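Try each task before reading its solution.

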Amino acid sequence: MMRHGAALSAILLFLVLTRVQPIRAQARVQYPDRSYSTLAQGGTQWIGSPRGLYRYRFEENVWSAYGPQNGLHSTRITALALRSDVLWIGQEGAVTRFDLRSNTMLHFDSSSGLPIGDIRSLAFEGEYTWAGGRGGAARYDELIEEWQFIGAKQGLQGSVVHAILEGSERMFLATDAGVEEYDPRYERWRYYPVPQDVRVLDAFATDRWLWLLHDGGLLRFDLSARNYAPIPFPDFRGSNISVVLIEGDNFWLRTPHDLWRYDAAADALRPFLEWERLPDRDLRDVAVSSSGAVFWFSTAGGITRHVPSDGSTTYFTEAGGMPTTDFEAMFLLGDGVAGFAGEALHHLRTSENRWYTTPLLQAGSGDGPRVSLDPSDGSFVDFGADWRLDLSGSRSAWLFED
């Protein structure tokens, strides 16, 4: 009996240890203009940017880049969502369904039935895929392979869908008008308006709640109680939020000069106070590992790594080998960080204490084929040298080797 107990304890310990992997201890990142987005999948990190979609494989230490040159509709990636082995990619004017098993892409835009253009959020409801943005929302039916537009005539009150969250047999949409609930079984809507003095600037979803940003503070919408709970936020303006980092029901809010953490267990919003650890207060960006175990700060002086548990602080500067201090955006990458700067993507592997540099995709169509699904130009793939493949039908697909 003792041997069985010891064996069971060992198995449980093994399961706990194998679950705690750096790649899974990542925060979801949302920028107000949707210029960057991230998600992790096993040993892979995806980063959407204004200069294309990037995939990093940790074991190989290799980046792959995706843009119009090799299958995407646009270089500007605005949203990412993963279900099973299918990555849905929101772009400027399009949505792409990327099947990672077959390595194929299927594109949707205005010419192929997608009724909205500026994609700000993606979510799933059973076999359906939802996309929200300016102009309303749309729902894709995998069975009939068609998009259904959801706007004012269908019952949606708001004109901009900032975030979408699946509840218990319901879909909840945070819009510029408030929160709207959709019952797929009966195709019915319920509307929860915000107070009259509130103007919704943006919204984001955690595991259980929708959060609405406005100039007067934060509103949390409870999907179970169907009500709003204001969260006090001293000297707050919603327009000052630069980045939202989400982990479960906890999140971090970065303003130009401050960092705040919402602790769901305590239902409290608290400021980060250890600013004396930083070389300067010109805060450019922040990356935070699981539960605030490690902080990475990008400032004018470089990158600062801070571990609150032991108080240790490490500085990375150009004098010490850092390629540049002028990061436009910075993200957690395993036990290191990755940052966009100019025409390159730089990443640090702390296990090697070494920086790597990868060129970004060119802003134009580049040397590869140009893919067009624009109704005015027509649907085609232009390979150059007078070689063009015309695309017909309601959709287009792309198969390539990565």
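**Exercise 1. Start from one ring in this predicted model: is Phe221 buried or exposed? Then classify its pairing with Tyr228.**

Solution. 
- Step 1: The relative accessible area of Phe221 is 0%. Buried means under 20%, so Phe221 is buried.
- Step 2: Turn to the ring of Tyr228, whose centre is 5.2 Å from that of Phe221. Ring centres within 6.5 Å count as a pair.
- Step 3: The two planes stand at 65°. Since planes over 60 degrees apart count as edge-to-face, the pair of Phe221 and Tyr228 is edge-to-face.

**Exercise 2. How are the rings of Phe251 and Tyr262 arranged, and which strands hold them?**

Solution. 
- Step 1: The ring centres of Phe251 and Tyr262 lie 5.1 Å apart, with the planes at 20°. Planes under 30 degrees apart count as stacked, so this pair is stacked.
- Step 2: Phe251 belongs to strand β23 (residues 250-254) and Tyr262 to strand β24 (residues 259-263). The two residues are 11 apart in the chain, and their pair links distant parts of it.
- Step 3: Check accessibility as well: both Phe251 and Tyr262 are buried.

**Exercise 3. In what order do the strands of the open four-stranded sheet run, and which are its edge strands?**

Solution. 
- Step 1: The order is β18-β19-β20-β21, and the pairing is antiparallel.
- Step 2: β18 (200-205) and β21 (227-231) each pair on one side only, which makes them the edge strands.
- Step 3: On average, neighbouring strands of this sheet are turned by 25° against each other, direction ignored.
- Step 4: Zoom in on β18 and β19 (residues 209-214), which pair over five bridges. Here Ala205 stands opposite Leu210 in β19.

**Exercise 4. Where is Pro279, and which residues does it touch?**

Solution. 
- Step 1: Pro279 lies in the loop between β25 (268-271) and β26 (283-288).
- Step 2: Leaving out residues up to four places away in sequence, Pro279 touches Thr299, Thr304 and Tyr315.
- Step 3: Compare sequence with space: Pro279 and Gly301 are 22 residues apart in sequence, and their C-alpha atoms are 6.4 Å apart.

Key
Residues numbered from 1 in each chain as written. Predicted model: local features only at pLDDT ≥ 70, side-chain atom pairs only at ≥ 80, totals over all residues. Heavy atoms only, no water. Pairing = 2+ DSSP bridges. Axes fitted to C-alpha atoms, helices over the stretch in contact; angles between N-to-C directions. Contact = heavy atoms within 4.5 Å. Phe/Tyr/Trp six-rings, centres within 6.5 Å; stacked < 30°, edge-to-face > 60°. Buried < 20%, exposed > 50% of the residue type's maximum accessible area, 1.4 Å probe, protein only.
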